[in-house]
Amino acid sequence: MRLGLGGEFAEQRAWMVEHQLRRRGIGDERVLEAMGAVPRERFVPERYRRRAYADSALPIGEGQTISQPWIVAAICEALELEGLERVLEIGTGSGYSAAVLARLAGEVITIERVEELARTARELIAEMGIANVEVVVGDGSEGLPERAPFDSIAVHAAAPAPPRQLIDELALGGRLVIPIATDAADMLTVFSRIGESVDPTTGEGLKREVIGPCRFVPLIGAEGFPE
Ligand code: SAM
């Protein structure tokens, strides 16, 4: 049987879910369903489309990348979303991870510092009829205080430390998933807000769990790295 391009992509997506995600430890069925439903090929530039389901990051222009499928799934799983949450995402990039989050949460606000990427992602998300994602241009390391608190915050770029502002914007019980840069590697880390008051220096009011090593572009901004 000869499949059209859409059929080929659907097959590749199903293969990606089974082989790159489920067999490599992603167990949240809602995350697997979302990853199996969002057409990643729509979020990569035309010339990389045939590699959309490769087990790797791919260039999206402006020196940035769409993350490897496994890392998008791992971040989504670590957020432990149930469906009604307000999520803040930092690092919209292509808009792919925001489209996945849109299937897992009630509302997603995503911040991108590169205006051109934010514009393209916003247009694509609208074209795809995804109504619960808002794309904002700005420095996500400073959060979005006027829209806080957030049930969950996902950061798709590596920071030197958890940004104080993002911790302040987490609702009680909320989870911040963020790659933290170390000399050896970036470490994907979850900070859960377990206390009303938080002291990031002593760790009081925060629970920290390391998921594992990963590789990310730097978070550039006031509470990230300098440009
Ligand atoms: N999640 C994206 C996707 O699905 O395509 C990929 C994100 S890419 C690995 C990281 C993105 O973070 C880049 O687009 C970069 O411009 C953005 N970024 C870096 N620092 C930022 C900041 N302070 N605020 C907002 N976006 C930032």
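Helix 3 is largely enclosed by the rest of the structure, because 9 of its 11 residues are buried (buried means under 20% relative accessible area, exposed over 50%, and partly exposed in between, with a 1.4 Å probe and protein chains only). The model is predicted, so local features need pLDDT of at least 70 and side-chain atom pairs count only at pLDDT 80 or more, while totals for chains, interfaces and linings use all residues. Residues are numbered from 1 along each chain as its sequence is written, and side-chain values use heavy atoms, with hydrogens and water left out. Helices (H or I, at least four residues) and strands (E, at least two) are DSSP runs, numbered from the N terminus.

**Helix 3 and the residue after it**

- The buried residues of helix 3 include Pro 69, Ile 71, Val 72 and Ala 73.
- Further along helix 3, Ala 74, Ile 75, Cys 76, Ala 78 and Leu 79 are also among the buried residues.
- Helix 3 is followed by Glu 80, which has a positive phi near 55°.
- Glu 80 lies in the loop between helix 3 (69-79) and strand 3.

**The sheet**

- Strands of a sheet pair through backbone hydrogen bonds, either parallel or antiparallel.
- This model has an open sheet of 7 strands in the order 5-4-3-6-7-8-9, with mixed pairing (two strands pair if DSSP finds at least two bridges between them).
- The edge strands, each pairing on one side only, are strand 5 (133-137) and strand 9 (206-214).
- From one strand to the next, the twist averages 15° (axes are lines fitted to C-alpha atoms, for helices over the stretch in contact, and angles run from 0 to 180 degrees between N-to-C directions).
- Strand 3 and strand 4 run parallel and are joined by 5 bridges.
- Leu 88 stands opposite Ile 109 in strand 4.
- Strand 3 is mostly covered, with 4 of its 5 residues buried.
- Strand 7 (residues 170-181) pairs with strand 8 (residues 186-193) in the antiparallel sense, over 7 bridges.
- Leu 176 has Phe 191 as its bridge partner in strand 8.
- Helix 5 (residues 115-127) lies across strand 4 (107-112) and strand 5, and runs at about 165° to strand 5.

**The ligand site**

- There are 25 residues around the ligand, of which Ser 94, Ser 97, Glu 112, Gly 140 and Ile 220 come nearest (a residue is near a molecule or strand if one of its heavy atoms lies within 4 Å of it).
- The side chain of Ser 94 has an N or O atom 2.6 Å from an oxygen atom of the ligand.
- A polar backbone atom of Gly 140 is 2.8 Å from a nitrogen atom of the ligand.
- A nitrogen atom of the ligand lies 2.6 Å from a backbone N or O atom of Ile 220.
- On its own the ligand has 610 Å² of accessible area, and the protein covers 99% of this (accessible areas come from the Shrake-Rupley method with a 1.4 Å probe, and for residues only the protein chains shown count as cover).

**Buried and exposed residues**

- Thr 92 is found in the loop between strand 3 (86-90) and helix 4 (96-102), and counts as buried because its relative accessible area is 2%.
- Beyond its neighbours within four places in sequence, Thr 92 is in contact with Thr 110, Ile 111, Glu 112, Ala 121 and Val 135 (contact means heavy atoms within 4.5 Å).
- Val 133 is found in strand 5 and is buried, with a relative accessible area of 13%.
- Not counting residues up to four places away in sequence, Val 133 touches Ala 98, Ala 102, Val 108, Thr 110 and Ile 125.
- Val 133 and Ala 99 are 34 residues apart along the chain, and their C-alpha atoms are separated by 7.5 Å.
- Ile 194, in the loop between strand 8 and strand 9, counts as exposed because its relative accessibility is 55%.
- Leaving aside neighbours within four places in sequence, Ile 194 is in contact with Leu 172, Gly 205, Leu 206 and Lys 207.

**Backbone features**

- Most residues other than glycine have a negative phi, and most peptide bonds are trans.
- Glu 62 is not a glycine, yet has a positive phi of about 60°.
- Glu 62 lies in the loop between strand 1 (58-61) and strand 2 (64-66), and is partly exposed at 48% relative accessibility.
- Ala 148 and Pro 149 are joined by a cis peptide bond, with omega about 5°.
- Pro 149 is found in the loop between strand 5 and strand 6 (150-155).

Conventions
A polar contact is a pair of N or O atoms within 3.5 Å; within protein, one must be able to donate a hydrogen and the other to accept it, and residues adjacent in sequence count only if both atoms are side-chain atoms.
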